[in-house]
Every structure is written in C-alpha cells, then in structure tokens.
Amino acid sequence: MIRFNSINELKKYCFNTHSSYLKNNHFRKWINNKEIHIFNFSNLRKEDIKHIKSGIEDAIAIVRLHFKVYFNNESSIKKFSNLTDEKIDSRKLLKMVIEERKKSHKEHADAFIFNNPIKSTNAVLRDGESLTYVPQGVMIFTFDAFKKYPHDFLSRRAKHEALHLLGLNFHHEGTKIEGYDNNILCNMNYNAPTQHLCRKCKDAIVYFWKGIEYATKKQFIKN
Ligand SMILES: [Zn+2]
Ligand SMILES: [Zn+2]
C-alpha cells in the first residue's frame with residue numbers, strides 16, 4: 001500500500017518514478033515513437049475492436065499525450081494464435097516481439113489480442129484479463145472465444161490497461177492519499193468497474209509524464 005499525507009507528496013513521487021523506465025532502451029524508443037498498434041488475433045470483430053481502440057485513446061486523452069493508435073495485422077506473433085487451445089507463454093511472446101522490432105527497426109507499443117489463455121510468471125490469464133509490460137510497451141489481452149463481451153466492458157478494460165502502459169504502476173485500491181476521495185469507483189480499481197478515472201489516479205499519471213518531459217527535455221503532452 002502506498003500512503004501519502006498530501007496531494008503534493010503523491011505528485012512528487014509520480015514526477016520522480018521515470019528514472020528506472022528511462023534507463024530502458026525499449027521504453028525510450030516506444031515513447032518517442034508515440035504509436036500504439038493493435039493486433040487482433042482473436043475472433044473479436046472489427047466493431048468490437050473499435051471499442052478497445054477507443055478505450056486506449058481515452059487513456060491517451062486523459063494525459064493529452066501526442067500518441068496515436070493504429071490497427072495492424074502484420075506480425076509474426078500471429079503464429080501463436082494458431083494454437084487455439086494452447087496457453088501463450090507471455091515471456092516467449094515478449095522475446096519474439098523484441099526480435100521482430102529489431103528486424104524491422106520499428107519500436108512502437110503493441111496491444112495483442114488473443115483467445116488463448118496467457119501464461120505469465122505466476123498466473124494464467126483468461127476471459128477478459130490482460131497484462132502489460134511497461135518497459136517493452138506491450139499489452140496482452142485475452143478474451144473467451146465463446147463469450148459476447150459488452151462494448152462498454154471492452155473499452156473499460158482497454159482504458160485500464162493502457163493507463164498501466166502509460167506509466168500508472170499502481171491500482172486505485174493500492175494507494176491512500178490524504179486530500180483525495182479514495183472511496184469512489186475508479187477505472188483503476190482492479191476490475192475496472194467504470195470508465196471514470198478519479199482525480200488521484202489522473203494526477204498520478206499526469207505527473208508521471210511531467211517528470212518524463214522534465215527528464216528528457218522533450219514534449220509529450222499537447223499544449
Ligand atoms: Zn490493473
Ligand atoms: Zn483512482
């Protein structure tokens with residue numbers, strides 16, 4: 001649990017969390033590239049994926065970042081999704097993504113969408129769950145092939161995950177900060193119950209990017 005006694009303490013903390021990220025080569029490249037590409041290897045249809053895209057765009061708009069989201073289908077990662085019932089090993093996938101980027105000399109952030117369950121270090125994700133590797137700029141979503149997901153659910157989940165990607169490294173429940181209403185529903189609650197992002201979580205991500213701008217002397221936030 002992260003506890004601070006004032007709004008300013010939170011802002012200061014978030015302003016200074018960039019250093020470990022900026023040491024990472026991949027992180028510096030994908031944030032400078034300012035693109036997030038969506039690869040759909042699931043049976044979700046274009047009209048469903050649209051809502052995942054708009055959730056990601058919502059997260060970008062909260063910080064007013066110069067990022068754009070694109071649909072993309074050209075990736076060797078696709079071969080993972082051909083093994084429909086098999087779990088995807090997230091570490092292996094990550095390794096392949098890095099290799100592919102090396103070959104193509106392109107380092108945008110990626111959102112991969114599968115029907116396969118995803119095996120991460122200590123859990124198996126399925127049915128609308130997702131995970132994010134911030135330094136590498138990779139989001140992985142998995143959706144049950146036989147389930148119909150409400151569009152609102154898709155955009156809430158995507159927004160939550162994109163906020164992690166963009167540097168919000170905690171959950172709403174994981175912080176208690178004097179000066180904010182900690183008890184309201186927020187998109188950064190674990191289960192992303194709402195589209196709404198509370199003031200506390202919004203300040204956290206905005207100050208993260210102010211810190212990035214300060215450290216890199218580059219502009220990421222729109223005027
Ligand atoms: Zn989360
Ligand atoms: Zn919140």
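Reader: At what angle do the axes of helix α4 and helix α7 cross?
Author: They cross at roughly 40° and come within 7 Å. Helix α4 covers residues 46-63, and helix α7 covers residues 151-165. Axes are lines fitted to C-alpha atoms, for helices over the stretch in contact, and angles run from 0 to 180 degrees between N-to-C directions. This is a predicted model, in which local features need pLDDT of at least 70 and side-chain atom pairs pLDDT 80 or more, while totals for chains, interfaces and linings use all residues. Residues are numbered from 1 along each chain as written, with chains lettered from A and ligands numbered from 1 in written order.

Reader: Which residues of α4 meet α7?
Author: Asp48, His51, Ile52 and Ser54 are among them, together with Gly55, Ile56, Asp58 and Ala59. On the α7 side, the partners include His151, Leu154, Arg157, Ala158 and Leu163. Contact requires C-beta atoms, placed from the backbone, within 7 Å.

Reader: Changing topic, how many helices and strands does the protein have?
Author: The protein has eight helices and 10 strands. These are DSSP runs numbered from the N terminus: helices are H or I with at least four residues, strands E with at least two.

Reader: What is the strand order in the sheet of five strands?
Author: The order is β3-β2-β5-β9-β8, in an open sheet with mixed pairing. Strands pair if DSSP finds at least two bridges between them.

Reader: Which strands stand at the edges there?
Author: They are β3 (68-72) and β8 (130-133); each has a single partner strand, so one side of each lacks a neighbour in the sheet. From one strand to the next, the twist averages 15°.

Reader: And in what sense do β2 and β5 pair?
Author: Strand β2 (residues 35-40) and strand β5 (residues 109-114) are parallel, with five bridges. Within this pair, Phe39 stands opposite Phe112 of β5.

Reader: Which strands of that sheet does helix α6 touch?
Author: Helix α6 (residues 90-104) packs on the sheet against β5, β8 and β9 (138-142), and its direction makes about 135° with that of β9. Helix α7 also lies across β5, β8 and β9, and runs at about 20° to β8.

Reader: What about the sheet of three strands; what is its order?
Author: That open sheet is ordered β4-β6-β7 and has mixed pairing. Its edge strands, β4 (88-89) and β7 (124-125), each pair on one side only.

Reader: How many bridges join β4 to β6?
Author: Two bridges join β4 to β6 (residues 118-119), and the two strands run parallel. Asp89 stands opposite Lys119 in β6.

Reader: Finally, what box do the C-alpha atoms of the protein fill?
Author: Along the principal axes, the box is roughly 50 × 35 × 35 Å.

Terms used. Contact = placed C-beta atoms within 7 Å.
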